[in-house]
2 protein chains.
Amino acid sequence: MRFVVIGGDAAGMSAASRAKRKCPDTTVTVFERSEDVSYSACGMPYNIADPHRDMNDLVVRSAEAFRKKQDIALNTGHTVTRVDTGAHTVHGIREDGSAFSCDYDRLLLATGASPVRPALPGIDLPGVLVLKSLADGRAIKAALAGAGVRRVAILGMGYIAMEMCEALATRGIAVDMVKPGPVLLPWMDRTLADAVQQELEAHGVGLYHGTAVTAVDTDGDGLNLATDRGDMAADLVIVAVGVAPNSTLAKDAGLNLGPAGAVAVGEDLATSDPDVYAAGDCADAFHVVTGRRVWIPLALRANRAGWAVADNVCGDLVRLTGVAGTAVFKVFDLEVARTGLTLQEAADAGFDPASVTITTRSRAHAHPGAVDIHVHAVGDRNTGRLLGAQMVGREGVAHRINAAAVALHAKLTVDEFAQSDLAYAPPFGPVWDPLLVAANQLLKKR
Amino acid sequence: MRFVVIGGDAAGMSAASRAKRKCPDTTVTVFERSEDVSYSACGMPYNIADPHRDMNDLVVRSAEAFRKKQDIALNTGHTVTRVDTGAHTVHGIREDGSAFSCDYDRLLLATGASPVRPALPGIDLPGVLVLKSLADGRAIKAALAGAGVRRVAILGMGYIAMEMCEALATRGIAVDMVKPGPVLLPWMDRTLADAVQQELEAHGVGLYHGTAVTAVDTDGDGLNLATDRGDMAADLVIVAVGVAPNSTLAKDAGLNLGPAGAVAVGEDLATSDPDVYAAGDCADAFHVVTGRRVWIPLALRANRAGWAVADNVCGDLVRLTGVAGTAVFKVFDLEVARTGLTLQEAADAGFDPASVTITTRSRAHAHPGAVDIHVHAVGDRNTGRLLGAQMVGREGVAHRINAAAVALHAKLTVDEFAQSDLAYAPPFGPVWDPLLVAANQLLKKR
């Protein structure tokens with residue numbers, strides 16, 4: 001069996017490692033465009049926050065280890081340019097310009113996603129950077145190493161933008177965040193989003209939502225952003241307006257694409273060609289609440305899908321039920337988390353949704369150190385099902401959201417979830433867990 | 001409708017308040033033995049830890065507020081001595097020795113539990129105290145207020161003993177813990193229990209498990225504990241060897257009793273007499289994993305059961321599916337949590353259990369500040385169901401356990417739970433949440 005993997009990040013290397021471990025007779029060949037494999041991409045903002053940490057700390061396993069210890073033919077600096085599904089062959093080009101090709105019995109597309117660069121004059125100027133690959137992280141860190149960067153403009157206000165904002169502020173750099181949309185975190189309940197906005201403002205972050213950048217220019221030592229609301233100066237610009245799936249290879253090979261142009265896969269991670277799998281940020285998934293295809297590129301799914309592909313390649317038939325869209329991020333001292341559907345997503349999916357937003361405390365009555373926890377919960381009036389939850393607070397949010405995530409996987413009703421026997425001790429929460437308070441309130445909306 | 005409640009703590013006052021709110025025409029009468037109602041009993045160790053905090057801080061709502069603002073006939077200092085289910089009447093005695101009686105249409109027994117005092121010579125000496133009621137807490141705090149208490153012996157090593165241990169150590173008091181059983185936290189996996197033991201020892205706590213106290217004596221200024229392994233000196237002794245349900249009224253009234261002598265109730269909280277309910281620490285519950293009756297007296301269940309009784313009294317038929325035995329407690333800097341069955345409990349309940357114990361980290365690869373998290377998980381080989389989980393760590397345990405608790409309520413298999421889309425960000429955990437790492441390992445044991 002010849003198993004070929006395109007892409008050497010989370011999904012690709014998870015699949016390659018597990019396949020080699022599980023069915024050692026398989027020849028496992030990986031083609032990776034860059035020189036970096038198997039690193040903690042999500043850790044980059046935190047690494048960038050600390051000038052004394054080496055970006056290579058984020059490498060989980062070196063290319064050499066994969067080659068020598070695991071007998072994986074790992075080819076870095078190899079860009080695959082075409083997949084011939086009929087001939088079961090991939091074709092590509094090396095860094096030196098020479099061509100290569102490789103036959104496969106089973107193929108995994110783990111090509112990831114790429115940061116979107118808006119089509120603006122000046123978007124390719126030096127000093128306008130993105131954050132996706134380890135090379136991107138190194139470039140940002142190198143740019144910050146000099147003393148010249150005192151003010152950074154971040155295009156975008158998503159979670160990577162927020163994490164970069166905190167990282168830069170930690171280094172004493174002033175940050176402005178800009179985006180054309182008028183609403184901060186539009187998927188979030190307003191009470192919760194307001195708490196995030198207050199946290200950003202309390203740390204001196206300039207927030208310019210509803211502001212469209214029209215061009216970037218050099219301006220003496222620095223950069224100037226022309227916007228529809230005036231000019232904005234920055235020593236560095238970070239573009240964090242989102243990512244798009246790298247699905248050109250799949251599209252050119254005639255494979256079906258799903259939402260956002262991601263590669264469409266079944267529960268077994270197979271594409272429309274049964275010998276070709278896709279996993280990680282390039283592939284879609286089924287949403288466990290709606291049953292519909294979604295594209296929510298996150299790290300756990302990438303790792304899990306990589307493993308499942310390896311299992312299927314090795315003959316253990318594994319199916320992944322899907323994703324709940326569970327995510328958490330940190331904004332200075334706030335923990336922000338979500339799982340499942342927003343009110344709007346629920347309505348769009350054909351539910352008859354109701355929602356509540358409650359504020360309670362992070363510790364028991366009279367326990368010192370308690371802070372607010374805001375919870376937003378969405379349920380379906382027709383079936384009584386819990387559909388989604390969002391939480392914001394200074395403590396007790398990041399792991400609490402998982403209880404709601406499991407409830408979504410289990411398709412629990414709000415009533416069933418409200419009956420959950422959750423943990424209580426005064427240092428860790430009120431008797432009625434914040435999620436239960438929200439669920440109890442939501443029951444009244446049925 | 002005349003609704004009478006015996007006991008004015010969590011279950012009793014939850015029921016009384018909700019009944020009055022939900023069906024205001026109901027006459028709600030509460031008889032409470034002590035003068036304290038509606039306080040955070042679980043908060044007492046943390047209050048005791050701080051000499052500057054008033055014990056009354058723990059009162060959530062005063063007796064006056066219940067009387068004046070909620071129109072509840074709350075009679076403190078009233079001890080009910082007999083329930084006549086035939087005549088629908090309760091009889092009792094006031095603090096001044098006078099008798100009272102009261103007719104009911106529906107009755108709630110919310111009589112709580114009492115601390116067990118082992119039958120030892122000297123167990124009733126001054127300076128040998130228990131912790132259950134607010135009066136108990138005040139007595140301990142008063143005893144500690146003098147400068148004379150430098151060393152305390154705690155009988156018992158359960159979670160209240162652990163919390164008192166931390167409280168006393170916080171006040172600079174040396175603590176010895178003693179119990180006859182040879183094993184610390186016998187319900188806990190050994191790897192996890194060892195971590196707790198190390199935490200206690202690191203804080204200088206003397207641990208004497210396998211040591212039976214045979215008598216307590218006064219000895220000059222202090223107390224002396226005679227044990228089968230020699231004498232032990234203490235300025236104060238705290239007895240925390242467990243609690244027993246206050247079910248004498250129920251037993252004398254001919255109601256059915258369940259495990260540990262707790263009042264047996266159905267999912268609707270009714271006892272074997274349909275006009276008499278029981279809720280809180282005096283009542284049993286169904287375990288959501290085994291379906292069997294259990295007695296696990298914890299605060300959330302008490303509050304939830306109180307509400308459910310009120311709903312049923314008011315004609316909204318509510319059924320509680322049961323408890324998972326989810327609990328968390330803090331031992332100095334450790335968070336210790338469990339839900340569901342232990343390996344032994346699973347075997348006793350007729351499952352064919354397998355278990356794993358894993359150690360992973362509380363934050364992502366290369367993220368600063370990560371510490372160990374130990375997870376023990378139990379599953380059933382026959383059905384594949386998840387049966388229980390335990391966790392110990394310095395962060396990220398208290399709320400994580402809830403994900404497993406919800407999985408138990410939903411009767412998920414280990415495989416289904418392992419597919420849960422849990423939250424990931426580097427400051428809050430590894431890509432594979434510790435619970436998922438355990439579940440993935442447990443899958444291999446099927």
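This report covers the confidence of a predicted model, then its salt bridges, charged patches and selected backbone positions.

## Model and conventions

This is a predicted model, in which local features need pLDDT of at least 70 and side-chain atom pairs count only at pLDDT 80 or more, while totals for chains, interfaces and linings use all residues. Residues are numbered from 1 along each chain as its sequence is written, chains are lettered from A and ligands numbered from 1 in the order in which they are written, and side-chain values use heavy atoms, with hydrogens and water left out.

The model scores are ipTM 0.97 and pTM 0.97.

## Salt bridges in chain A

Over all chains, the structure holds 44 salt bridges. A salt bridge here is a side-chain nitrogen of Lys or Arg within 4 Å of a carboxyl oxygen of Asp or Glu. One of them joins Lys22(A) to Asp311(A), with the closest N and O atoms 2.7 Å apart. Lys22(A) lies in helix H1 (residues 10-22) of chain A and Asp311(A) in helix H8 (residues 299-313) of chain A, so this pair ties together parts that are 289 residues apart in sequence. Helices (H or I, at least four residues) and strands (E, at least two) are DSSP runs, numbered from the N terminus.

Lys22(A) counts as partly exposed because its relative accessibility is 35%, whereas Asp311(A), at 6%, counts as buried. Both residues also belong to a network of salt bridges that links Arg18(A), Lys22(A), Asp311(A) and Asp316(A).

A further salt bridge in chain A is formed by Arg338(A) and Glu345(A), whose closest N and O atoms are 3.1 Å apart. Arg338(A) is buried at 14% relative accessibility, and Glu345(A) is partly exposed with a relative accessible area of 33%. Arg338(A) is also 8.9 Å from Val392(A), C-alpha to C-alpha, although the two are 54 residues apart in sequence. Val392(A) belongs to strand E25 (residues 386-393) of chain A and is buried, with a relative accessible area of 0%.

## A salt bridge in chain B

In chain B, Arg106(B) forms a salt bridge with Asp275(B), and the closest N and O atoms are 3.4 Å apart. Arg106(B) lies in strand E7 (residues 106-109) of chain B and Asp275(B) in the loop between helix H7 (248-252) and strand E18 (276-278) of chain B, so the pair ties together parts that are 169 residues apart in sequence. Arg106(B) is partly exposed, with a relative accessible area of 25%.

## Charged surface patches

Patches are made of residues with over 30% relative accessible area and no salt bridge; like charges are joined within 9 Å, and nonpolar side chains (Val, Leu, Ile, Met, Phe, Trp, Tyr) within 5 Å. Lys and Arg count as positive and Asp and Glu as negative, while His and the chain ends are not counted.

A patch of negative charge on the surface gathers Asp217(A), Asp219(A), Asp221(A) and Asp231(A). Asp217(A) is part of strand E13 (residues 213-219) of chain A and is partly exposed at 45% relative accessibility. A positive surface patch is formed by Arg21(A), Arg61(A), Lys69(A) and Lys444(B). Lys444(B) is in the segment after helix H12 (434-443) of chain B and counts as exposed at 65% relative accessibility.

## Backbone positions in loops

Most residues other than glycine have a negative phi. Ala366(A) has a positive phi of about 70° although it is not a glycine. Ala366(A) is in the loop between strand E23 (353-361) and strand E24 (372-380) of chain A, and is partly exposed at 30% relative accessibility. Phe332(B), also not a glycine, has a positive phi of about 50°. Phe332(B) is in the loop between strand E21 (327-331) and strand E22 (334-340) of chain B, where it is buried at 7% relative accessibility.

Ala370(B) is in the loop between strand E23 (353-361) and strand E24 (372-380) of chain B. Ala370(B) is buried, with a relative accessible area of 19%. The C-alpha atoms of Ala370(B) and Arg385(B) are separated by 31 Å, and the two residues are 15 residues apart along the chain.

Note on methods: Accessible areas come from the Shrake-Rupley method with a 1.4 Å probe; for residues, only the protein chains shown count as cover. The place of a charge is taken as NZ of Lys, CZ of Arg, CG of Asp or CD of Glu. Buried means under 20% relative accessible area, exposed over 50%, partly exposed in between (1.4 Å probe, protein chains only).
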